[in-house]
Amino acid sequence: MSFRILRGVVFLFAAVAAERPLEAEDLERFAKAAFWIGAANGAISIRESAYEAFLARGDNERAAQSALTLQRQHAAMLQDSVAAAWLTQAEWLLAGIPES
């Protein structure tokens, strides 16, 4: 996708989010689009909202996936202690889930 299209996607997600709460999957898509246009801090904030939404509905696997993405994003920004905390959170969420 081109930068212009992704920027439009971010604008549309922001407009919808201002009107009503987004579902966890939509927050995840919003975060991806924000990341790809270079809005790393915004993407992290949106991804944290997706994480909370997955937790709220009891989807620990998807919450853990969000936590791992947050871990990678913070590690890339050299925020090692925050990255480690997200990794620990993902491990905690996945404990007890059988490996596939």
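Me: How exposed is Glu25, as a relative accessible area?
Reply: Quick caveat before the value: this is a predicted model, where local features need pLDDT of at least 70, side-chain atom pairs count only at pLDDT 80 or more, and totals for chains, interfaces and linings use all residues. Residues are numbered from 1 along each chain as its sequence is written, and side-chain values use heavy atoms, with hydrogens and water left out. Buried means under 20% relative accessible area, exposed means over 50%, and partly exposed is in between (1.4 Å probe, protein chains only). Glu25 is partly exposed, at 21%.

Me: Which residue meets Glu25 in a salt bridge?
Reply: A salt bridge here is a side-chain nitrogen of Lys or Arg within 4 Å of a carboxyl oxygen of Asp or Glu. The pair sits at 3.9 Å, N to O, and the partner of Glu25 is Arg62. Glu25 lies in helix α2 (residues 24-36) and its partner in helix α4, so the pair ties together parts 37 residues apart in sequence; helices are DSSP runs (H or I, at least four residues), numbered from the N terminus.

Me: Is Glu28, which forms a salt bridge with Arg62, buried or exposed?
Reply: The closest N and O atoms of Arg62 and Glu28 are 2.6 Å apart. Arg62 lies in α4 and Glu28 in α2, so this pair ties together parts 34 residues apart in sequence. At 10% relative accessibility, Glu28 counts as buried.

Me: Which residues are linked with Arg62 in a network of salt bridges?
Reply: A search of the whole structure finds six salt bridges. Arg62 is linked in a network with Glu25, Glu28, Arg47, Arg57 and Asp59.

Me: How far apart are the closest N and O atoms of Arg29 and Asp26?
Reply: These two are three residues apart in helix α2, so about one helical turn separates them. Arg29 counts as partly exposed at 46% relative accessibility, and Asp26 does too at 22%. They form a salt bridge, with the closest N and O atoms at 2.9 Å.

Me: How are α4 and α5 oriented to each other?
Reply: Helix α4 (residues 60-76) and helix α5 (residues 80-94) pack at about 165 degrees, with axes 8 Å apart. Axes are lines fitted to C-alpha atoms over the stretch in contact, and angles run from 0 to 180 degrees between N-to-C directions. Angles under 35 degrees count as roughly parallel, over 145 as roughly antiparallel, 65 to 115 as roughly perpendicular and the rest as oblique. So α4 and α5 are roughly antiparallel.
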